[in-house]
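Me: Could you take a close look at one strand for me and walk me through its surroundings? I'd like to know what pairs with it and what packs around it.

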Amino acid sequence: MERMEEYMIMEETAALVPQYDSYGRLGTIVYELYNTYKVEQSPKEIIQQSCRYYGSTYEGKVHAAKHILGIRQMVPISVCEALRLYFFPTCSPDSDRCIWIAPSHIKMIQPYEKKKTKVILKNKQELIVDIQKGTFEGKMYKTAMLMVTLQQRMMHNYEK
């Protein structure tokens, strides 16, 4: 697995999984369609940097998603609407256990043990997430609602 200091989210990015290194520093295992990387940044740092790269701020994306969806916490965000880069957190984004997942790369989800979910990505990689399947489905639904709402708003503006 290749190591990187920094990482930028792109179309191939499927999941950002937190992992501590041997020195106790929080980094990320990045799952892409064809590659997996160890990155020195935390998942939230990767999300924040990627939002800036694509022309916005993480805080602005969170504020917009809260407004659009009418929810207060653990909102999905659009890292880049033009590239359809949408991610949702599995728990509080401030938690060192928070995994960020791109629903566009999910092939299937299954219940796993007690209160966990197995996520099977389109490339057949599997992740075990520490939330119930129903809760996970709710997060996928909210992400889909955010995506559809933003796409409808962009299309509506083009039709004028």
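Reply: Happy to! Let's take E6, which is joined to strand E7 (residues 100-101) by two bridges, with the two strands running antiparallel. Within this pairing, Pro-89 has Trp-100 of E7 as its bridge partner. Do keep in mind that this is a predicted model.

E6 also pairs with E5, again in the antiparallel sense, here over three bridges. Tyr-86 in E6 is the bridge partner of Ser-78. E5 and E6 make a hairpin with four residues between them, and Arg-84 in that turn has a positive phi of about 55°.

Now for burial: five of the five residues in E6 are buried. Both faces are covered, with Leu-85, Phe-87 and Pro-89 on one side and Tyr-86 and Phe-88 on the other.

Leaving aside neighbours within four places in sequence, its contacts include Ile-9, Ile-47, Ile-77, Val-79 and Trp-100. Thr-13, Ala-14, Pro-76, Ile-101, Ala-102 and Pro-103 are also in contact with Phe-87.

That brings us to the largest nonpolar core, which has 28 residues; Phe-87 is among those with the most contacts inside it, along with Ile-9, Ile-47, Ile-77, Val-79 and Trp-100. Strand E6 (85-89) supplies at least two residues of this core, as do strands E4 (36-39) and E5 (77-80) and helices H1 (43-53), H2 (58-69) and H3 (133-159). H2 gives the most, with five residues. There is also a second, separate core of 16 residues, including Ala-15, Ile-29, Ile-109 and Leu-121.

Methods. Residues are numbered from 1 along each chain as its sequence is written. This is a predicted model: local features need pLDDT of at least 70, side-chain atom pairs count only at pLDDT 80 or more; totals for chains, interfaces and linings use all residues. Side-chain values use heavy atoms; hydrogens and water are left out. A nonpolar core is a set of buried Ala, Val, Leu, Ile, Met, Phe, Trp, Tyr and Cys residues joined through side-chain atoms within 4.5 Å. Buried means under 20% relative accessible area, exposed over 50%, partly exposed in between (1.4 Å probe, protein chains only). Contact means heavy atoms within 4.5 Å. Two strands pair if DSSP finds at least two bridges between them.
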